[in-house]
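Thanks for making time this morning.

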Amino acid sequence: MVEKSVPNMRHYGRQLFVCNHGDCAPSEEAERLHRLVLERNRQQGLNKLRNPHRIKCTLADCLGVCQGGPILVVYPDGIWYHGVDEAGLERIYREHLIGGRPVEELIFHRHFPEGKEPAYAPDVRGDEALTPAPWGPLEKGGELQPESEDAAGEEAESRRLAARRRRKKKGLVIVNTGEGKGKTTAALGILTRAWGRRMKVGVVQFLKHESARFGEIRAAERMGDIDWISGGDGWTWTSSDMDETAARARRTWTVCQERILNGGYDVLILDEFTYLLHYGWLDGNEALAWLEANKPPLLHLVITGRYAPRNLVDFADLVTEMRPIKHPLEEQGIRAQPGIEF
Ligand code: FES
């Protein structure tokens, strides 16, 4: 029988798990909290392998909550915190991890009834009592310098997870095209989904009239936090002043470029953008080259409109063609209705 060597347990007092999967809160927030714990550990001397009160902090994949993050779990206490920002983390660190009093306002779940949490291991082992260092502001901005094997390991883990996140995620270019209904509606579905996940979202409408009050615009006003730019003149298939429409669309493209560069969006809809390319109001190759060079890597762009040109289809990651099969106007003469078409 092959003899297995028994691993050596390096004691610690508590372990924190911070979700950085990215659905409950942006992963960057989890990474900031992780760094803050490492800095506090260093300041408090709780990063040392030989300190029995050592605090381990681990960036974890989804913890199964997926809302109201960042989510942070304290082990072995079985206490789950939500909405943990930097100020909240400072309180958790100082009041709970050092002071032994959980921060009630931030708790949303207890794995054990209050007062029945597993005993603090250093107490059970009879380790020397925790003697906290004086609490003071942390130096901001400097690169963390690992001071111990443990801190170096945690840093490496943080970098690994960040790299994995970068590999896993990509801002997509999504095109909804075709003759059928539902191109903008499907784009707005994505927008609603992203808004629900507290992502920054916006809409640029190239042709719809700048003073239009469609149902979706009213909904966005009621939801709040949605940037909505309409630059068109209400162009329809029968419009006569195409020069004015084209000029407005080009002006809106300039606004849109600025928003892509500086808006900080997670999702941006370019509604009816395909017409600018199809009708030659913009040079398609130039516009796509600009997007290639300037689109932030994690920004999802959703482009709608009929006649998506070949180069746009090639450029996109996801293309859907809406195909009409039956329409109430053609079949039954029923006109557009509020809440359905506008
Ligand atoms: S994504 Fe954070 S708990 Fe699921």
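Let me start with helix H7, which has 21 residues and reaches 30 Å from its first C-alpha to its last, close to the 30 Å expected at 1.5 Å a residue. Please keep in mind throughout that this is a predicted model.

Which residues of H7 are buried? They are Thr245, Arg248, Ala249, Thr252, Trp253, Cys256 and Ile260, and because they cover an arc of only 155° around the axis, they sit on the same side of H7. If you turn to the other side of H7, you find Asp243, Thr254, Glu258, Leu261 and Asn262, which are exposed. The cover over the buried residues of H7 includes E7, strand E8 (226–232), E9, H8 and helix H9 (284–294). Just after H7 comes Gly264, with a positive phi of about 65°.

That brings me to the interior. In soluble globular proteins, nonpolar side chains tend to be buried together. Here the largest nonpolar core has 34 residues, and those with the most contacts inside it are Leu268, Ile269, Leu270, Leu276, Leu301 and Ile303. Among the elements that give two or more residues to this core are strand E6 (173–178), helix H5 (183–196), strand E7 (201–209), helix H7 (242–262) and strand E9 (267–271), and the element that gives the most is E7, with five residues. To take one member as an example, Leu301 touches Val173, Ile174, Leu268, Leu270 and Lys295, if we do not count residues up to four places away in sequence. Apart from this core lies another, of 25 residues, among them Ala25, Leu59, Ile79 and Leu97.

Now to a pair of helices, H1 (residues 27–44) and H2 (residues 86–98), which pack at an angle of about 35° with their axes 10 Å apart. The crossing in which H1 passes H2 is right-handed, and the residues that meet there are Arg32, Leu33, Leu36, Val37 and Arg40 from H1, and Glu86, Leu89 and Tyr93 from H2.

Next, some details of the backbone. Most residues other than glycine have a negative phi, and most peptide bonds are trans. Against that background, where do we find a cis peptide bond? One runs from Gly69 to Pro70, with omega near -5°, and Pro70 is in the loop between strand E2 (55–60) and strand E3 (72–75). The bond from Tyr75 to Pro76 is cis as well, with omega near 10°, and Pro76 lies in the loop between E3 and strand E4 (79–81).

As for phi, Arg198 has a positive value of about 60° although it is not a glycine, and this residue is found in the loop between H5 and E7. Arg198 is partly exposed, with 16 other C-beta atoms within 10 Å. Tyr307, in the loop between E10 and H10, also has a positive phi of about 60° without being a glycine, and with 13 C-beta neighbours inside 10 Å, Tyr307 counts as partly exposed.

Let me finish with the overall picture. The protein has 11 helices and 11 strands, and of its 342 residues, 30% count as buried. Among contacts with a separation of 6 or more, 76% are accounted for by residues 24 or more positions apart.

Methods
Residues are numbered from 1 along each chain as its sequence is written. This is a predicted model: local features need pLDDT of at least 70, side-chain atom pairs count only at pLDDT 80 or more; totals for chains, interfaces and linings use all residues. A nonpolar core is a set of buried Ala, Val, Leu, Ile, Met, Phe, Trp, Tyr and Cys residues joined through C-beta atoms within 7 Å. A residue is buried if 20 or more other C-beta atoms lie within 10 Å of its own, exposed if 12 or fewer, and partly exposed in between; C-beta atoms are placed from the backbone. Helices (H or I, at least four residues) and strands (E, at least two) are DSSP runs, numbered from the N terminus. Two residues are in contact if their C-beta atoms, placed from the backbone, lie within 7 Å. The expected span of a helix is 1.5 Å times one less than its number of residues. The arc is that of the directions from the helix axis to the C-beta atoms. Axes are lines fitted to C-alpha atoms, for helices over the stretch in contact, and angles run from 0 to 180 degrees between N-to-C directions. A crossing is left-handed if the near helix is turned anticlockwise from the far one by less than a right angle, and right-handed if clockwise.
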